[in-house]
Amino acid sequence: MIKISKPFKSATQLSITQGFSKDHQAVDFGGKYGEILVAPFNAKVVLIRKPENVSELPEYLRGGCGIRIQSTEDPTISMTMYHCQNFFPVEVGDIVIK
């Protein structure tokens with residue numbers, strides 16, 4: 001079950017809890033260490049951030065392992081999951097199902 005991280009317990013999945021800049025509008029969700037990531041919508045994997053490819057990424061994306069997916073039904077919807085373990089059983093270009 002997804003939970004919203006402290007101190008944003010009253011937030012919803014549509015709330016912006018991290019408005020660092022116009023390019024970083026996000027909602028913080030928490031999970032247990034080692035918990036498996038799941039796609040909240042049908043999507044294409046568009047980026048995987050691992051230690052070995054950090055130098056290829058823009059500066060603002062260099063802060064940890066993560067994965068970015070983009071909706072296959074509405075390309076204006078995407079999701080980035082950061083602070084992940086360095087293991088992703090998918091590759092860029094793969095389609096993941098909700």
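Among contacts in the protein chain (heavy atoms within 4.5 Å) between residues at least 6 apart in sequence, 48% join residues at least 24 apart. The model is predicted, and local features need pLDDT of at least 70, side-chain atom pairs count only at pLDDT 80 or more, and totals for chains, interfaces and linings use all residues. Residues are numbered from 1 along each chain as its sequence is written, and side-chain values use heavy atoms, with hydrogens and water left out.

**Overall make-up**
- The protein chain has zero helices and eight strands, where helices (H or I, at least four residues) and strands (E, at least two) are DSSP runs numbered from the N terminus.
- Read along the sequence, the pattern is accordingly given as β-β-β-β-β-β-β-β.
- Of the 98 residues in the protein chain, 26% are buried, a term that means under 20% relative accessible area, with exposed set at over 50% and partly exposed in between (1.4 Å probe, protein chains only).
- The protein chain exposes about 7400 Å², of which carbon and sulfur atoms supply 56%; accessible areas come from the Shrake-Rupley method with a 1.4 Å probe, and for residues only the protein chains shown count as cover.

**Strands 6 and 7**
- Strand 6 (residues 66-71) and strand 7 (residues 78-82) run antiparallel and are joined by five bridges, pairing being assigned if DSSP finds at least two bridges between two strands.
- Within this pair, G66 stands opposite Y82 in strand 7, and a hairpin of six residues connects strand 6 to strand 7.

**Surroundings of S71**
- S71 belongs to strand 6 and is buried, with a relative accessible area of 9%.
- A polar atom of the S71 side chain lies 3.0 Å from the backbone nitrogen of D74, in a polar contact (a pair of N or O atoms within 3.5 Å; within protein, one must be able to donate a hydrogen and the other to accept it, and residues adjacent in sequence count only if both atoms are side-chain atoms).
- Not counting residues up to four places away in sequence, S71 touches F41, N42, A43 and I77.
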